[in-house]
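Thank you all for coming. I would like to walk you through a few local details of one structure, so please have the sequence and the model open while I speak.

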Amino acid sequence: MKRIAILGSTGSIGTQALDVIALHPDRFSVAALAAHSNAQVLFEQVRRFRPSMAGLVVEPQSVPEDLRFCEWRFGQDCLGAVAAEAVCDAVLVSVVGFAGLTGVMAALGAGRAILLANKEPLVAAGALVTQAAQKAGVALLPVDSEHSAIFQCLQGELSPPELLYLTASGGPFKNWSLEAMAGATVEQALAHPNWAMGPKITVDSASMMNKALEIIEARWLFEVPPERIQVLVHPQSVVHSMVAFADGAIMAQMGTPDMRLPILYAMAYPQRLPTGGERFDFARMGRLTFEEPDMVRFPALRLGYEALKTGGTAAAILNGANEVAVQAFLGRRIAFGRIAALVEETLQRVPVTPADSLQAVRAADLCARRCAENLLE
């Protein structure tokens with residue numbers, strides 16, 4: 001029986017994680033649940049899964065009487081408190097954005113294995129997170145479909161990878177012109193063709209900033225330099241990523257676009273368990289296609305490579321500026337075409353410093369957000 005704590009339990013990944021836990025009650029139990037502000041959904045999850053601890057960043061007016069068997073944490077520090085204090089074997093971090101870094105570091109400090117569905121901690125503080133995991137002697141298992149695919153392809157391999165191929169669906173604007181994308185609406189950006197995700201990551205997919213963040217994440221997870229990480233647009237979202245080796249062999253992990261597979265793989269690792277999802281049918285699919293991404297229409301990809309090559313706090317600046325830009329777009333304050341431009345302007349204005357402490361990373365993130373907000377005015 002593996003005890004799982006979930007940070008971000010009311011979001012897309014968190015709810016799917018609870019689905020697969022419910023499929024295997026003999027293998028998993030829920031030790032703790034935490035969310036940002038969706039109190040009613042969290043209350044129902046606590047009723048069903050009976051964790052010993054739960055938390056909400058935004059404190060509710062009250063906790064229902066029947067849920068007071070649970071130890072509750074509230075406020076800005078609740079994610080870190082739940083991650084550090086819950087009696088568990090692994091912490092699934094599926095909160096949105098830079099906020100996930102606190103939970104990751106708290107869990108690692110307490111010696112918990114990390115199931116990482118949150119890109120931003122490795123993007124902003126990759127060296128610090130990986131060093132903390134090594135010091136704690138615990139696993140850092142990827143839950144993102146692309147990084148899970150690469151991780152699966154590397155199992156049992158004694159030779160290092162020559163190239164990592166991160167696949168991208170291309171999002172809703174794959175075939176749109178630069179001019180048309182510039183004026184895309186929020187509704188159009190949120191209409192992802194293959195995946196059901198939260199609004200922030202869906203907009204990142206539309207701009208391909210999610211792939212820029214994944215390039216940076218892959219560098220830290222697999223210790224591969226940026227020139228050996230390539231992106232391929234694969235509209236069918238069947239090949240979730242690939243690894244090439246020195247002899248020319250390429251290993252691919254394939255399957256239907258269902259996040260329950262990488263979630264459950266990380267939970268049950270090194271075993272595989274049924275997800276209850278649909279099986280892939282080669283004959284019905286017909287064909288799989290791949291093409292190089294267009295970095296002119298999707299400049300976020302270029303910015304990701306540049307930030308990774310610059311090093312230091314550049315990736316934290318990129319991430320902080322992007323979070324501000326995406327929220328501004330979702331709030332209809334800026335056009336879609338302004339997102340990457342705002343990130344690039346912020347990168348040009350905020351000084352890059354060594355990312356040698358959490359304080360330095362947090363300072364860079366705050367500076368980037370302030371700069372981006374000022375550029376919005």
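**Helix packing, a buried histidine and some backbone details**

Let me begin with a pair of helices, where α1 passes α2 in a left-handed crossing. Please keep in mind throughout that this is a predicted model. Helix α1 covers residues 12–23 and helix α2 covers residues 39–49, and the two pack with their axes 12 Å apart, at an angle of about 15 degrees. Because angles under 35 degrees count as roughly parallel, α1 and α2 are described as roughly parallel to each other.

Which residues in α1 and α2 meet? From α1 we have Thr-15, Leu-18, Ile-21 and Ala-22, and on the side of α2 they meet Gln-45, Arg-48 and Phe-49. Sorted by class, this contact of α1 with α2 has four nonpolar residues, two polar ones and one charged one.

Staying with α2 for a moment, the loop between α2 and β3 holds Arg-50, and the phi of Arg-50 is near 55 degrees, a positive value in a residue other than glycine. Arg-332, in the loop between α14 and α15, also has a positive phi, near 60 degrees, and at 55% relative accessibility Arg-332 counts as exposed.

Now to strand β10, residues 239–244, where we find His-240. Is His-240 buried or exposed? Its relative accessibility is 8%, so His-240 counts as buried, and a polar atom of the His-240 side chain lies 3.0 Å from the backbone oxygen of Gly-255.

Finally, please look at the peptide bond joining Tyr-269 and Pro-270, which is cis, with omega about 10 degrees; Pro-270 itself sits in the loop between α11 and α12.

Technical notes
Residues are numbered from 1 along each chain as its sequence is written. This is a predicted model: local features need pLDDT of at least 70, side-chain atom pairs count only at pLDDT 80 or more; totals for chains, interfaces and linings use all residues. Side-chain values use heavy atoms; hydrogens and water are left out. Helices (H or I, at least four residues) and strands (E, at least two) are DSSP runs, numbered from the N terminus. Buried means under 20% relative accessible area, exposed over 50%, partly exposed in between (1.4 Å probe, protein chains only). A polar contact is a pair of N or O atoms within 3.5 Å; within protein, one must be able to donate a hydrogen and the other to accept it, and residues adjacent in sequence count only if both atoms are side-chain atoms. Axes are lines fitted to C-alpha atoms, for helices over the stretch in contact, and angles run from 0 to 180 degrees between N-to-C directions. Angles under 35 degrees count as roughly parallel, over 145 as roughly antiparallel, 65 to 115 as roughly perpendicular and the rest as oblique. A crossing is left-handed if the near helix is turned anticlockwise from the far one by less than a right angle, and right-handed if clockwise. Contact means heavy atoms within 4.5 Å. Ala, Val, Leu, Ile, Met, Phe, Trp, Tyr, Cys and Pro count as nonpolar, Asp, Glu, Lys and Arg as charged, and the others, Gly among them, as polar.
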